[in-house]
Amino acid sequence: MTGFNFRNALMMAGALTVLAACNPDAEPSGSEIIAQAPASSPAASVGETPGTVTPTPMTVPQDILDMHESMLVMDTHLDTPAYFHTPDYNFSVRQTFEQDGTHVDLPRMKEGGLDGGFWVIFTAQGPLDDASYVAARNQALLRQMSIRELAAKYGDEVELAFTADDAERIAGEGKRVVYQSMENAYPLGTDVSLAETFYQGGLRMISPAHFRNNQFADSATDVSGESYGGLSPLGEELVRKANELGMVLDGSHASDETVYDMIELSTTPIILSHTGVDGVYDHFRNIPDELLTAIAEDGGVIQINAFGGYLEALEPSAERQQAMADLEEQFGGSYYDLDEATREEYSAAREEIDAQYPAPRSSFEKFMEHLLYALDLVGPDHVGMGADWDGGGGVDGMTDITFLPKVTAALLEAGYSEEDIEKFWSGNMLRLLRQAEEARTSEMQSPNVLN
Ligand SMILES: [Zn+2]
């Protein structure tokens, strides 16, 4: 099959076609999934020509590559499970971003020294009614199932992780580490006890909201403004439930007030699993110094995002701006104003625009600016990596996970020690997970049914 494009496949699957009018300064419908996708449709088909891909150029010296390889390297926001239900995604085949728009597969994990991380159960925000909650719940359960199926299918190479200690053990056996997180707690509906079911399936991190306010919390990017001024009463229940179970609470996408509420209410430190800093680029999805400092003082961690539109103001070409304006006019509103069928149409039209008038891209240097700024502000115990791979992350100079050794090299060059860099890659996020485990009051377990 030629002309295959993962974004199309995602849309077919009804998954992750998130678009949001987050920022009046940004494009009318920026998406963490779509805005940074490849410039044009690939000519090669997925899985057909694995031997003919161009090797990734890497200029990191061998001794730094060796150091990077020796470390436990994790990322807290791998959106790759969004592809698992698409018929052409093959985790074991090496692809390139240029070829199909993906960032993560098993060969590239080995190449980039990525041992694993949190694999995301993502749900786009929908209406706050019972039928939509049920639909979202079902989709999220299937997504969790697909993550477990990956671990089962590639059992020699991949293993589900349930505790902080699991990471080192699994990586020590030469396997990739699969923790699970939920981006947007919307699928839980109005009954937070459903979190127990996801916990049993392996869920260890959860964020209350995504692009819009929902039943749990205010989002950082809801154009209608605040609904609650932070967490809703149900959101407070969610925080208590996460603490009870021993899940890490993730404040990415939440409004600042929601994050403050989370810090105050949670018995353990919170994480921002994929977020940048206002100090480099003031954007709703990034975090102000004061709040980041509060998170760090509470023991929490920011994991730096590599999503171009949040790293810097990227000016789209005049043609693209016009095309986007026409799209809004044609559909009479944004993605969120449309019903399911029209959303697919909208997304297809949007994809054509992306192919014809590519979105501008950010750079590795700009990503490092955010990272070093955060390190400067809160220190190496409070910063890690959550680049939003397969969710819109990736920049020029770091187009996929094979480039991760460059981050290690850049941190060394900036004067950080090997010990600091290990904390950045995994030490900090595992510390938070361990704290969540130690503070948990539930006896509930996650049986690995294959053992
Ligand atoms: Zn996100």
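Leu272 has Ile302, in strand E8, as its bridge partner. Residues are numbered from 1 along each chain as its sequence is written. The model is predicted, and local features need pLDDT of at least 70, side-chain atom pairs count only at pLDDT 80 or more, and totals for chains, interfaces and linings use all residues.

Back to the strands. E7 and E8 (residues 301-304) run parallel and are joined by 3 bridges; two strands pair if DSSP finds at least two bridges between them. The open sheet has 3 strands, ordered E7-E8-E9, with parallel pairing. E7 (271-275) and E9 are the edge strands, each pairing on one side only. From one strand to the next, the twist averages 25°. Helix H17 (residues 418-439) packs on this sheet and touches E7, E8 and E9, its direction making about 110° with that of E9. Contact means C-beta atoms, placed from the backbone, within 7 Å. Angles run from 0 to 180 degrees between N-to-C directions, along lines fitted to C-alpha atoms, for helices over the stretch in contact.

Now two loop residues. Asn184 sits between strand E4 (176-183) and helix H8 (194-201), and its phi is near 85°, positive although the residue is not glycine. Asn184 counts as buried because it has 27 C-beta neighbours inside 10 Å; the cut-off is 20 or more other C-beta atoms within 10 Å, these atoms being placed from the backbone.

Asp390 is in the loop between strand E9 (383-385) and helix H16 (404-413). Its phi, near 60°, is positive in a residue other than glycine. Asp390 is buried, with 29 other C-beta atoms within 10 Å.

Conventions:
Helix = DSSP H or I, 4+ residues; strand = E, 2+ residues; numbered from the N terminus. Buried ≥ 20, exposed ≤ 12 C-beta atoms within 10 Å, placed from the backbone. Contact = placed C-beta atoms within 7 Å.
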